Amino acid sequence: MSDEADIRAHPDGGSGSDGESGSGLPGAARTPGAGTVTRAVVVGTGHYLPERVVTNAEFTERLDTSHDWIVSRSGIERRHFAAPGEATSHMAAHAARAALGDAGLGAESLDAIIVATSTPDLTFPAVATMVQAELGLKTGFAFDVQAVCAGFIYALAQAQALIVAGTARRIMVIGAETFSRILDHDDRGTAVLFGDGAGALILEAQPGQGGSADRGILAVDLNADGSQRDILYVDGGVATTGSAGCLRMQGKEVFRHAVEKLAQTAQTAIARAGLAPAQIDWVVPHQANLRIIRATAQKLGVPMERVITTVADHGNTSAASIPLALSVAARQGRFAPGQVIVAEAIGGGLAWGAVVLRW
Ligand code: UT7
């Protein structure tokens, strides 16, 4: 745990954007007088998967599909579906408690909760406020981020900016989804691909030196292109149909964008962190499709032994997929302190991005 007295917020609420911090890196704000910068460092992880496991065999009973097609096209073998009555906030709260346990922290030590989700319990209030209540907290602030499958990357970027600006010192960042509730279960092209679950990270302000050797988030790259909204969307909503709607996807088109844009955003974030791809210890990609994960790793020149994959067991859990993969891999003891991790994701919007962090 950091020495709290050593950490001082930037007096201007500095965003830590390129150059202005004087650190030379975008993920840090120079702390006047102390000779250090503030970094957002991961101090705990946790996850939750609903009890019910849905195998590919379940789909073959009622859809024109096969286990071999699903595995060969996507790498997915099974996924979890939430139980009736089990909602996104319940899964998010489970993951949050696991992360607090991992960090050895009490909920009262959190300044903020951010939940990345496209499948909130209700249109409002935010799932993050429901998690706050579940944790018995009445202090701090809580809000949701909606950037579909890139949601957790966007949420990490918001959390890091709040920490670097000095607005919050310790933030619970959660990705949680109940995609089984927005699937057209008769559409074989999408029904077999998605699952439910939640993952959480706790980010904490700690002092760093401002270089790429620091622990914590070193760089972020975020992108969106709303002109591509029709290739992956949900056909309902509050202001249009008044109902939740179902997910619609032109899989091949999304695939094409994914391979190109994921490698690009990862490369941008790695360069922004002052690192080269050869210095990356682990890639933690959005778990949508094993073929996309392999093609992106190849473009980055990172061997598959250094890529975390959970897609076979979880399917595509949208904003939950990266924190789930991070938490599962951390539980397996795969990350050593000081190793560099790149997380990248793309989804509806299109919205995509990457985060580089030192564990
Ligand atoms: O998380 C957000 C980002 N989402 C993604 O990254 C998903 C990106 N896309 C993909 O993962 C892949 O495009 C899919 C897994 C969705 C599909 O793989 P594909 O190799 O692109 O297949 P396709 O869409 O070209 O479909 C090939 C054939 C089609 O039949 P025809 O038209 O060639 O006769 C489909 O109708 O496979 C058919 N098909 C299926 N067949 C058996 C589609 N779904 C199924 C299915 N079982 N479940």
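User: Before we dig in, which pLDDT do local features need here?
Analyst: Residues are numbered from 1 along each chain as its sequence is written, and side-chain values use heavy atoms, with hydrogens and water left out. As this is a predicted model, totals for chains, interfaces and linings use all residues and side-chain atom pairs count only at pLDDT 80 or more, while local features need pLDDT of at least 70.

User: At roughly what angle do α3 and α4 cross?
Analyst: Helices here are DSSP runs of H or I with at least four residues, strands are E runs of at least two, and both are numbered from the N terminus. Axes are lines fitted to C-alpha atoms, for helices over the stretch in contact, with angles from 0 to 180 degrees between N-to-C directions. The axes of α3 (residues 88–103) and α4 (residues 127–134) come within 9 Å, and the crossing angle is roughly 55°.

User: Are they parallel, perpendicular or oblique, and which residues of α4 does α3 meet?
Analyst: Under 35 degrees counts as roughly parallel, over 145 as roughly antiparallel, 65 to 115 as roughly perpendicular and the rest as oblique, so α3 and α4 are oblique to each other. Contact means heavy atoms within 4.5 Å. On the α3 side sit Thr88, Ser89, His90, Ala92, Ala93, Ala96 and Arg97, and in α4 they meet Val127, Met130, Val131 and Glu134.

User: What about α7 and α8: is the crossing left-handed or right-handed?
Analyst: α7 (residues 251–272) and α8 (residues 290–300) have axes that come within 9 Å and cross at roughly 40°, so this pair is oblique too. A crossing is left-handed if the near helix is turned anticlockwise from the far one by less than a right angle, and right-handed if clockwise. For α7 and α8 it's right-handed.

User: How many residues of the α7 contact with α8 are nonpolar?
Analyst: Ala, Val, Leu, Ile, Met, Phe, Trp, Tyr, Cys and Pro count as nonpolar, Asp, Glu, Lys and Arg as charged, and the others, Gly among them, as polar. For α7 with α8, that gives three charged, two polar and nine nonpolar.

User: What is the volume of the largest pocket?
Analyst: On a 1 Å grid over the protein atoms alone, a pocket is an open set of points with protein on both sides within 12 Å along at least five of seven lines, a cavity is a set where a 1.4 Å probe fits but cannot get out, and lining residues have an atom within 4 Å of a point. Points are joined across faces, edges and corners, and a volume is the space filled by probe spheres set on them. For the largest pocket it comes to about 980 Å³.

User: Which residues are closest to its centre?
Analyst: The pocket has 38 lining residues, and β10 (232–234) gives the largest share, three residues. Closest to the centre are Ser118, Pro120, Gln146, Val234 and Ala244.

User: Which elements give two or more residues to the lining of the largest cavity?
Analyst: That cavity has a volume of about 30 Å³. Its lining includes Ala112, Ile113, Phe141 and Ala142. The elements are β5 (112–116) and β6 (141–145).

User: Where is the peptide bond from Phe124 to Pro125 placed, and what is its omega?
Analyst: Pro125 lies in the loop between β5 and α4. The bond is cis, with omega near 5°.
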